[in-house]
Structure formats: structure tokens, C-alpha cells
Amino acid sequence: KEINKVKIPDIIQESVPIVRNLDVISDLFISFVMFIFYIIFIINGKYQYIIFYFFVFLLMRLVTYIYFVSTTLPDSSKTCKYGSNFFESALSMGSCNNLGISGHFINLIFQLGLIYRCYGSAYWLLYVIAYVLGFTLICASRNHYTIDCITSTFVGLFFIYEIDNIQKGINFVLGKKYFNL
């Protein structure tokens with residue numbers, strides 16, 4: 001069977017009707033959270049959080065590339081155009097069969113984790129709302145399966161849990177104690 005002809009059961013995608021341009025709304029929401037993340041730390045002069053985020057972003061991209069080359073799942077949106085070889089397909093990463101993990105959702109979780117680390121639990125309701133809304137939009141837009149966002153949650157939480165060790169590693173590589181978040 002051709003890979004995109006296979007239907008994988010998904011609780012959110014089966015429960016939510018197809019809404020035109022929901023993928024655009026999903027991307028706008030993720031971009032909005034990222035914009036707020038930058039604004040919060042720029043206004044408060046906490047530039048180290050932004051720089052640290054970029055270092056960890058590179059690590060998170062490495063994880064998503066590993067998933068990309070090691071999984072081939074049917075496209076959840078059923079709109080992918082495939083390349084004739086690996087390199088052509090790799091150019092469209094993020095749209096065709098890059099499933100199993102959502103880079104957008106890992107970023108959302110890690111950004112919320114950094115905001116929590118800096119400002120504490122005073123905004124817990126906003127964290128929960130952003131998480132649930134991002135999870136629902138990504139799955140309902142058919143950008144990813146529900147299990148992709150669940151897996152991404154664990155990967156994002158792993159990066160949050162390992163913040164101190166990641167800081168130590170980056171400080172070691174840089175040769176000085178730059179990060180102490």
C-alpha cells in the first residue's frame with residue numbers, strides 16, 4: 001500500500017471536523033507564543049534566556065532530525081507531495097511524514113518551561129491554556145497526530161528537566177560560566 005493511503009486512528013482527528021486553514025491558525029498561535037516569549041525576556045532584560053533558548057533549540061532540532069530520518073508515517077493531512085529521493089523529501093521537512101514528534105510543540109513546551117523557571121507558578125493558568133490550545137490546534141489542523149504531541153510533551157519536559165545539565169555543558173564548551181538561569 002502507498003504510505004499516504006494508510007489511515008492511522010487518531011482520537012482528536014476523528015473527533016474534530018476538517019476546518020479549512022486551521023493549520024495557518026495553528027502556526028500563528030505557535031508564532032504568537034514565541035513572540036510573547038521574546039518580548040517578555042527582552043523587556044525584562046533577561047537576554048540570557050533567549051540566548052540559552054537558541055542553544056537548546058539547536059539540540060531540539062537535532063532530536064527532530066533523528067525522528068525525521070527514522071520514521072515514516074502516513075501524512076496526517078493527506079496533502080503531501082513526495083520527492084523522488086531522500087534529499088528532495090528532506091527539503092520539505094516539516095510537511096511530509098515528519099511525524100512522531102512536533103518541533104513546534106517541543107518549542108512551545110520549552111518556552112513555557114523557561115518562562116515558568118523565570119517567573120514561577122503565578123501564571124500557571126496561562127501555561128495550561130497555552131499548552132492545551134497548542135496541543136489541540138496542532139492535532140486538529142492535522143499537522144501531527146495526537147501521539148506526536150504526546151511524544152513531544154515528553155521530549156520538551158526532558159529538556160526542561162535537564163536545563164541545569166544543559167547549562168553546565170554549554171558553559172563547559174564556552175570555557176566560562178555564562179549561563180546560570
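Start by selecting N107: this residue is buried, with a relative accessible area of 8% (buried means under 20%, exposed over 50%, and partly exposed in between, using a 1.4 Å probe and protein chains only). N107 sits in helix α5, residues 103-119. Helices here are DSSP runs of H or I with at least four residues, strands are runs of E with at least two, and both are numbered from the N terminus.

A quick note before moving on: this is a predicted model, where local features need pLDDT of at least 70 and side-chain atom pairs count only at pLDDT 80 or more, while totals for chains, interfaces and linings use all residues. Residues are numbered from 1 along each chain as its sequence is written, and side-chain values use heavy atoms, with hydrogens and water left out.

Contact means heavy atoms within 4.5 Å.

Next, select N21, in the loop between α1 (11-15) and α2. N21 isn't a glycine, yet its phi is positive, about 65°. Is N21 buried or partly exposed? It's partly exposed, with a relative accessible area of 43%.

Now select residues 22-43 (helix α2) and residues 124-140 (helix α6), which pack at an angle of about 150° with axes 8 Å apart. The axes are lines fitted to C-alpha atoms over the stretch in contact, and angles run from 0 to 180 degrees between N-to-C directions. So α2 and α6 are roughly antiparallel to each other (over 145 degrees counts as that; under 35 is roughly parallel, 65 to 115 roughly perpendicular, and the rest oblique).

Show the side chains: L22, I25, S26, F29 and I30 in α2 meet A130, L133, G134, L137, I138 and A140 in α6. By class, this contact has 9 nonpolar, 2 polar and no charged residues. Nonpolar covers Ala, Val, Leu, Ile, Met, Phe, Trp, Tyr, Cys and Pro; charged covers Asp, Glu, Lys and Arg; the others, Gly among them, are polar.

Finally, zoom out to the whole chain. How many helices and strands does the chain have? There are 8 helices and 0 strands. Buried residues make up 40% of the chain's 181 residues.
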